[in-house]
Amino acid sequence: MRFFNSVSRNHILYSITTPNPTRSFLPKMDSGFGSNCSLMWFRKGLRIHDNPALQHAAYGSDFVYPVFVIDPHYMEPDPGAFSPGSSRAGVNRIKFLLESLSDLDSNLTNIGSKLVILKGEPSEILINCLKQWNIKKLCFEYDTDPYYQALDAKVEKYASSVGIEVSSHVSHTLFDPRDIIKKNGGKPPLTYKSFLKIAGEPSWACSPVSPGILSIPPVGDVGTLPVSFVPTLQELGYGDIGQHDFSPFKGGESEALKRLKQSFLDKDWVAKFEKPKGDPSSFLKPATTVLSPYLKFGCLSSRYFYQRLQETYDRVKNHTSPPVSLLGQLLWRDFFYTAALGTPNFDQMRDNKICKQIPWKDDSQLLAAWRDGRTGFPWIDAIMIQAGLNTCALQLHKWGWMHHLARHCVACFLTRGDLFIHWEKGRDVFERLLIDSDWAINNGNWLWLSCSSFFYEVLFFNGVMVHFFSLTVSLFLAAERTRIPCRYPCRVVLTRYHRIYSPISFGKKYDPNGDFIRHFLPVLKDMPKQYIYEPWTAPTSVQKKANCIIGKDYPRPLVPHDSASKECKRKLAEAYALNRNKNGIVSEEDLRSLRRKLEEGVNEESGPRRLKQKLIH
């Protein structure tokens with residue numbers, strides 16, 4: 001797109017109603033009006049390789065407009081947020097996106113095109129583009145996110161009304177979630193095993209995915225629309241933010257393919273990868289691929305990743321299998337995408353049929369202490385904190401990434417382990433700060449880690465233990481009541497929420513010396529090994545020698561872990577009993593009543609038998 005070379009770098013973003021000040025600098029070229037013009041709408045899928053929507057846009061077209069819209073909903077600065085960024089995304093994720101866009105622009109230039117950047121409400125911008133550029137074909141990657149579903153519906157409605165061909169391609173996931181739901185009778189499968197059974201093998205698996213097209217038709221005249229270059233953070237209004245504040249992970253397709261290549265140099269590691277194994281305390285070299293942010297933005301095709309894995313498994317005799325293998329992680333990703341698409345109100349507790357209704361605590365001070373790494377438990381705080389220059393900055397704020405086991409630990413601590421804070425609150429923090437935050441996966445993991453959904457329970461019938469998925473509890477019990485005589489008592493034992501990630505002993509398993517803590521919590525760097533995970537137990541003389549007085553230089557624990565976790569267990573037992581008694585239909589008044597009961601300290605033995613707390617060591 002030759003005219004971009006003549007555009008002043010100072011021209012960045014203008015209102016759609018503002019006359020384009022660069023028009024006089026654009027060379028004379030064919031307008032494209034009356035020609036066969038296509039528009040490729042980029043949102044995710046920020047790549048050239050395995051991009052069927054881009055290929056379809058280029059096929060048979062005289063001009064192709066590759067468009068990305070800077071959406072204020074996600075990218076406009078929010079000065080009232082608890083960290084730098086917009087109302088929805090932290091500055092790390094925005095920076096990662098901008099780097100991905102710059103790389104996409106460079107890769108498009110290599111094949112004869114250029115990324116067209118516009119700013120505004122996406123559906124309004126797209127409809128205006130369709131009108132002004134006389135577009136005959138609109139192409140984009142299918143997205144299950146409710147926000148984009150709504151945008152797509154609005155744009156598709158207009159395009160169809162004026163005879164524009166609309167082509168939506170599934171390439172962000174291995175399977176089309178709609179097909180899985182259809183095969184399952186119109187409902188999403190809610191266990192991993194049932195998902196795999198229904199999904200089978202991807203239809204495209206035997207054919208190599210496209211490495212990318214070699215050329216693309218040029219961009220036509222942009223008319224009066226104010227196009228721009230990919231903006232910088234400063235140009236978006238984020239001011240001068242020091243480089244040391246940013247994530248070490250750079251965005252873009254080129255970086256994604258480089259990281260993938262480096263990971264596959266060790267084929268034995270790839271073949272033997274086994275989750276949940278891995279060292280969450282490994283910070284100099286992460287113990288995973290760190291490909292999740294590239295998959296989230298579509299800089300890396302999950303289908304290409306899938307085929308590279310299959311090639312490795314064919315060459316290595318002994319390898320792990322789903323659900324613990326790397327392939328299993330890709331399938332988990334599709335599982336959550338499918339569950340999210342087929343579940344109304346997936347991102348909330350209320351009116352979510354697969355979510356347990358639990359009277360979580362609303363305590364902004366406890367939430368802020370967890371978020372800011374001030375819980376008084378070094379293992380939890382070290383996960384949430386990384387040392388900055390002369391100050392402490394949040395690890396999430398600085399890196400925007402953490403190991404999956406570390407995520408499990410801090411999520412458990414916030415919800416069912418210690419603080420009993422609503423999972424939606426933790427979800428919001430992760431959604432804002434993680435560079436790989438993905439709507440379906442983030443919500444799905446918080447539902448699971450808070451024991452609100454996606455986990456197993458154990459049921460005893462007449463001394464026989466039966467495993468079954470929690471979401472089928474009421475249906476299973478109802479069916480059994482019609483078949484089993486009353487003399488056979490039914491006893492339910494709920495196991496998952498009794499397995500708690502200890503904020504003290506879990507980290508010791510991987511890092512007995514506390515190097516991870518010493519690195520990210522320098523205030524504790526001189527604390528002796530025997531006290532590093534429980535510094536409040538150190539004698540005053542030891543604290544003075546370590547230059548860290550607990551309660552002054554480092555906070556005391558927010559809660560006593562043993563009693564707090566037992567209280568969480570008691571509350572969950574009561575909540576589960578309420579959900580069973582109400583067959584999952586729990587009203588707001590039911591929750592308020594239970595909350596009052598719990599706050600009054602009523603401890604009636606109704607529902608499951610109280611079990612001894614089991615820590616995950």
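User: Where does F420 sit?
Analyst: F420 is in the loop between α17 and α18 (423–433). Helices here are DSSP runs of H or I with at least four residues, strands are E runs of at least two, and both are numbered from the N terminus.

User: What kind of model is this, and how are residues numbered?
Analyst: This is a predicted model, where local features need pLDDT of at least 70, side-chain atom pairs count only at pLDDT 80 or more, and totals for chains, interfaces and linings use all residues. Residues are numbered from 1 along each chain as its sequence is written, and side-chain values use heavy atoms, leaving out hydrogens and water.

User: Back to F420. Buried or exposed?
Analyst: F420 counts as buried, at 2% relative accessibility. Buried means under 20% relative accessible area, exposed over 50%, and partly exposed in between, with a 1.4 Å probe and protein chains only.

User: What about its phi?
Analyst: Phi of F420 is positive, near 60 degrees, and F420 is not a glycine. Most residues other than glycine have a negative phi.

User: And C451, what is its phi?
Analyst: C451 is another residue other than glycine with a positive phi, near 60 degrees. C451 lies in the loop between α19 and β8 (456–461). Its relative accessible area is 0%, so C451 is buried.

User: What about the peptide bond from P322 to P323?
Analyst: That bond is cis, with omega near 10 degrees. P323 is in the loop between α12 (302–315) and α13.

User: Switching to helix pairs. How do α17 and α19 cross?
Analyst: The axes of α17 (residues 404–417) and α19 (residues 439–449) come within 9 Å and cross at roughly 60 degrees. Axes are lines fitted to C-alpha atoms, for helices over the stretch in contact, and angles run from 0 to 180 degrees between N-to-C directions. The two helices are therefore oblique to each other. On that scale, under 35 degrees is roughly parallel, over 145 roughly antiparallel, 65 to 115 roughly perpendicular, and the rest oblique.

User: Which residues meet there?
Analyst: From α17, R407, H408, A411, L414, T415 and R416 meet W446, W448 and L449 of α19. Contact means heavy atoms within 4.5 Å.

User: Now the sheet. What is the strand order?
Analyst: The order is β3-β2-β1-β4-β5, an open sheet of 5 strands with parallel pairing. Two strands pair if DSSP finds at least two bridges between them. β3 (116–119) and β5 (165–169) each have a single partner strand, so one side of each is left without a neighbour in the sheet. On average, neighbouring strands of this sheet are turned by 25 degrees against each other, direction ignored.

User: How many bridges join β1 to β2?
Analyst: β1 and β2 run parallel and are joined by 6 bridges. Within that pairing, L39 has Y65 as its bridge partner in β2. W41 stands opposite V67.

User: And β4 with β5? How many bridges?
Analyst: β4 (residues 137–141) pairs with β5 over 5 bridges, in the parallel sense. L138 stands opposite V166 in β5.

User: How many residues of β2 are buried?
Analyst: 8 of the 8 residues of β2 are buried, so the strand is largely enclosed by the rest of the structure. One side carries F63, Y65, V67 and V69, and the other V64, P66, F68 and I70. For β1, 6 of its 6 residues are buried. C37, L39 and W41 point one way from β1, while S38, M40 and F42 point the other way.

User: Which strands does α3 lie across?
Analyst: α3 (residues 91–110) lies across β1 (37–42) and β2 (63–70), running at about 170 degrees to β2. Helix α4 (residues 122–132) packs on the sheet too, touching β1, β2, β3 and β4. The direction of α4 makes about 165 degrees with that of β1.

User: N92 is in α3. How far is N92 from W401?
Analyst: They are 309 residues apart in sequence and 9.7 Å apart in space, C-alpha to C-alpha. N92 is buried, with a relative accessible area of 5%.

User: Last one, α7. Which residues are buried?
Analyst: Y192, F195 and A199 are buried in α7 (residues 192–199). They fall within an arc of 60 degrees seen down the axis, so they line one face of the helix. That arc is taken over the directions from the helix axis to the C-beta atoms. The face turned away carries exposed K193 and K197.

User: What do the buried residues of α7 pack against?
Analyst: They pack against α6 (177–183) and α13 (326–341). After α7 comes G200, with a positive phi near 65 degrees.
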